[in-house]
Every structure is written in structure tokens, then in C-alpha cells.
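Dear colleague,

I am handing over the structure below, and after it you will find a short account of what turned up when I went through it. Please keep it open while you read.

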Amino acid sequence: MAAGVIRQRARKACAPSVPTCHNCAMTTLKARLKEDLTASIRERDELRSSTLRLTLTAISKEEVSGTTARELSDDEVQKVITREAKKRREAAEAFAQGGRAAQAEREKAEGEVLAEYLPKQLSDDELERIVAEAVAEAKGAGAEGPRAMGQVMKIVNPKVAGLAEGGRVAATVKKLLAAG
């Protein structure tokens, strides 16, 4: 019984406007999503509220997957948001190819809502510069040609994590390795 009272008091101590709390250990990004969901519901913004609900559901599923439930860190929450944004892009492309323009526009709009919670993506020029440096570094270590792909990716991935999609990075690496 005492444990129930303690939990109840801990919940009362956590104000919804506080981004992190020692009692509930909610991440700041997840708290921001919840606050924005509440605001979008009040504003009757159906697109934003449904997108944020789906994203928070995906975060909750990720938290309870595995053997034990856990609270996701901001980086893990960001990865879930990135995955959800990628799903929206792919769905928008599929709808556009299928001639369903209205659904494609909705998916694009949902992707734009999620993009607000992600770091700004690298431009093609910035990505190419980082990859060129990595290619030069790999060549200095003796790796050349298409076989150097793995080594270059090992150098590039930590630098561009969360700032560029993996497919874009791989395509740029292949292009620069082929150019010599």
C-alpha cells in the first residue's frame, strides 16, 4: 500500500510542462511531443495531432519491446521519429505512383510535421565534402576502389549519424569511389 501512495505522489509531483523529471525520467524530446500533441488537440489541428499520436504510439511500442520495459533516451526517440518520417516518405511515393494524389499529399504533410523534430539534414554538397574526406582517409590507409566501401562507410557514418539517410550516404560513397 505504501508503494502505491509513493507512486501517486511522484505522479502528482511531475507537472506536464516540465520536460524532464527525476521521478518519471521522461526524455525532453518525448515530453515536447506530448506537449505539442496537447496543443494541437486544443487547436483542433487534425493532421498534426494524428501524426503525433502515431509517433508517440511507435515510441511506446519501442519502449515495451524486448524483455523489459524501459524509457527511451532522446537519441532513441529521434531514431523512432526518423523511422516514422521515412515510412511517410515511402508511403507518399507509393501513393503518388499509384495515382492517389490526396493520400500522397497527406503523407508528405505528416512527414513535414515529423521533420520539425529532427535535426536539419546535410545538403548534398556538405555530404559530398564529408565523404570525400573519408575517401581520402581510406586511400591513405591503403584502401582503394569499390572494396573500400566498408572502410569509408565506417569513417563517414559516425560523422553523419542522424544528419543524412543511409541510402544517400551509400550512393555518395559509391559515386566518389567510382570517380577515383
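In helix H3, the buried residues are Arg48, Ser49, Ser50, Thr51, Leu52, Thr55, Leu56, Ala58, Ile59 and Glu63. Please bear in mind that this is a predicted model. Helix H3 runs over residues 46-64, and its 19 residues reach 27 Å from the first C-alpha to the last, which is close to the 27 Å expected at 1.5 Å a residue. The cover over its buried residues includes helix H2 (28-42), helix H4 (74-97) and helix H5 (101-115), and just after H3 comes Gly66, which takes a positive phi of about 95°.

Turning to the cores, the largest nonpolar core has 20 residues, and those with the most contacts inside it are Val152, Val160, Val169 and Val173. Helix H6 (124-140), helix H7 (149-160) and helix H8 (166-179) each supply at least two residues of this core. If we leave aside neighbours within four places in sequence, Val152 is in contact with Ala134, Val135, Ala138, Val173 and Leu177. Apart from this core lies another, of 16 residues, among them Leu33, Leu56, Val80 and Ile81.

Is Thr172 buried or exposed? Thr172 counts as buried because its relative accessibility is 12%, and buried means under 20%. Not counting residues up to four places away in sequence, Thr172 touches Leu127, Glu128 and Val131.

With best wishes

Notes
Residues numbered from 1 in each chain as written. Predicted model: local features only at pLDDT ≥ 70, side-chain atom pairs only at ≥ 80, totals over all residues. Heavy atoms only, no water. Core = buried A, V, L, I, M, F, W, Y, C linked by side-chain atoms within 4.5 Å. Buried < 20%, exposed > 50% of the residue type's maximum accessible area, 1.4 Å probe, protein only. Helix = DSSP H or I, 4+ residues; strand = E, 2+ residues; numbered from the N terminus. Contact = heavy atoms within 4.5 Å. Expected span 1.5 Å × (residues − 1).
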